[in-house]
Amino acid sequence: MNVFALTAYILVWPALTAVVLAVIVTAVIRDYRHAKHSGSEMV
Amino acid sequence: MTESGLYQFSTVTVISLLAAFYIGTFLLTLMIGKSKEDADGYMVANHGVGFGISAASMTATWVWAASFYAAATSGYTYGLSGPIHYGFWGALMILFIYPFGIRIRKLAPNAHTLAEVVHARHGSSSQLILAFSNVIGSMISLMVNFTAAGALVAVLSPLSFQAGVLIAAVGVLSYTIWSGFRASILTDMAQLIAMMAVAVVIIPMVLYAMGGPEMLMANMGNLTAEQSNFFSKEAFFQQGAPYFVAVLAYAIGNQTISQRLFAVRQDMIKPTFLTATVGYGAIVIGLGMIGLLAAIAGIEPMNGDANNLIPQVVSTYLSPVMIAAFFILVISSLSSTADSDLTALSAIMMTDVYGKNIAKNNADPRKMLFIGRLTMIIATTIGVIMASMALDILVMLVFVGGVWGAIVFPVITSMYWRRVSNLAFTAAVIVGLVLFSIARFEWLEMTGPVAVFFESIAGIGGGVVLGLMSFGFFGKRIGVVVGILAGLALTYYGVGFLREYTVLLASLVAYGASSIVCVALTLLNREEFDFRLIGERVGDFDETESEAVDAVPANS
């Protein structure tokens, strides 16, 4: 494995973590707004 | 830095960090609206949790303190493929359970525990086998997480191991005890966001603080040929294969997964579990890369203990602010799992012990809440004692792993095959566990015909694992074909080979033996179960408002 590929292999995981984090935060905000709008609770 | 080589927070700093974390978490739980809690809310948040919180909670629960340390150890030991062989298979545990989860939820939309569904299907003996294994698993997890808190506090501050254990235990119990599962999943969300945010930053920071690509180029020679091989056979057979075999067993045996399965909105099961799979894999494999970097840089683990690798690397290369962020990362991971264990234990005691076996379906929801909270206090106390005494739990851990392996086939087939009986379920688990123990503890010498016998059963067990995984995603026909072909191939290649890998052999024997017994006894049974009965037998414990109105006489 060359150095460029190895560096990418190490850094792809935090990048993927950031993507999942964005998906979850977006969904939580949407759930929060929906709960607030409908007068229900998130949990 | 101190003589130990690790950065040391002052007592005031570490207490401030812990207080900020646990008080902040407690304040978050005050957002939970209903001051008057009910039993169903306490156990499964009334089955209506949205995608965002469910996905966050499932991920946070599955990521525990040991995940980071074990992934880093795997990276340090096995090189390039090491972190993958820990994190990838751990992530698949979440992925492979969801097709079966959708089926179980369809059969029992308002269940609280998987054992409760098994009770509706088979009765008490099968239910209590599963519930007992769930309890042992969650108690071990609770102890390990409290131990991780004590160890972290002890290495990064002047405070003692016991002080760390006690602070974590009191902190987790204080924010979980009142609202139960609802508090657990709401705080999981915040804890996961903290964990992910720190992981996103800390991994590149460590890479570049160690010297970046130039360091990698200069030191690649520190890896052995086997460590440099992405398809390392040693990494697969020592780390990957035993973990791959455990994929279904850990998922079925863990009430923390079942609880989220019954809590999430029914139409959100698939996206929740898919997101949690990717999230878990990314964060755990990512932090495992710190172990790989340590191996490339030629770092020797402190005191020869690979569990010290991550704190050691973070201490050596990062600023105090980032060390504090790492501290919060680990505290978040262990707290989110510990609170899930507490809520899992309380749900089992409320539903499986009191609701189904003591009150016999005439449960008092208020009494259930009291039992749930009392369970949390007792479990926390036992967890603290076990952690403080540093009990050797290896035998217990191996035993519960064997039970979970033996339980997979009977649990899953019971949800699809009408003829599986209580006798088939119970006998399968007992035989599977006995043969597992013989192989795992080497009560018989694995040579000659004995070894061939066990390797043949293990080959069938491998076929069962791959067959069930295929069945979950592609249906019965493909599942059976894959299972038979894989079983034949693994038996052919496994004889004379598997005896060298005791853990792998024993795990596969648990699957194979329980499956053979379960199928044989099921084929002898002509009685067919009506699956509609499960939905009728499993319901909410609290009276809904409409039911309460219906119960009031019209002329009152």
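Biologist: What share of the contacts in chain B with a separation of 6 or more is between residues 24 or more positions apart?

Modeller: Such residues account for 84% of those contacts, where a contact means C-beta atoms, placed from the backbone, within 7 Å. This is a predicted model, in which local features need pLDDT of at least 70 and side-chain atom pairs count only at pLDDT 80 or more, while totals for chains, interfaces and linings use all residues. Residues are numbered from 1 along each chain as its sequence is written, and chains are lettered from A and ligands numbered from 1 in the order in which they are written.

Biologist: How many helices and strands does chain B have?

Modeller: Chain B has 25 helices and zero strands; these are DSSP runs numbered from the N terminus, with helices being H or I of at least four residues and strands E of at least two.

Biologist: Which domains is chain B divided into?

Modeller: The division is into domain 1 (49–391) and domain 2 (392–527), with bounds from an automatic or database domain assignment. The C-alpha centres of these two domains of chain B lie 26 Å apart. Their contact takes 30 residues from domain 1 and 29 residues from domain 2.

Biologist: Which elements give two or more residues to the domain 1 side?

Modeller: They are α5 (82–107), α6 (114–122), α7 (124–156), α12 (233–245) and α13 (247–252) of chain B. The most comes from α7(B), with nine residues. That side of domain 1 has 21 nonpolar, seven polar and two charged residues. Here Ala, Val, Leu, Ile, Met, Phe, Trp, Tyr, Cys and Pro count as nonpolar, Asp, Glu, Lys and Arg as charged, and the others, Gly among them, as polar.

Biologist: Turning to the core, which residues have the most contacts inside the largest one?

Modeller: B:L287 and B:V509 do, in a nonpolar core of 197 residues. Such a core is a set of buried Ala, Val, Leu, Ile, Met, Phe, Trp, Tyr and Cys residues joined through C-beta atoms within 7 Å; buried means that 20 or more other C-beta atoms lie within 10 Å of a residue's own. Both domains of chain B give residues to this core, so it lies between them.

Biologist: What does B:L287 touch?

Modeller: Leaving out residues up to four places away in sequence, B:L287 touches B:F68, B:A71, B:A72, B:A199, B:I203 and B:I310.

Biologist: And how many residues of chain A are in contact with chain B?

Modeller: 23 residues of chain A are in contact with 35 residues of chain B. The chain A side has 18 nonpolar, two polar and three charged residues.

Notes. Two residues are in contact if their C-beta atoms, placed from the backbone, lie within 7 Å. A residue is buried if 20 or more other C-beta atoms lie within 10 Å of its own, exposed if 12 or fewer, and partly exposed in between; C-beta atoms are placed from the backbone.
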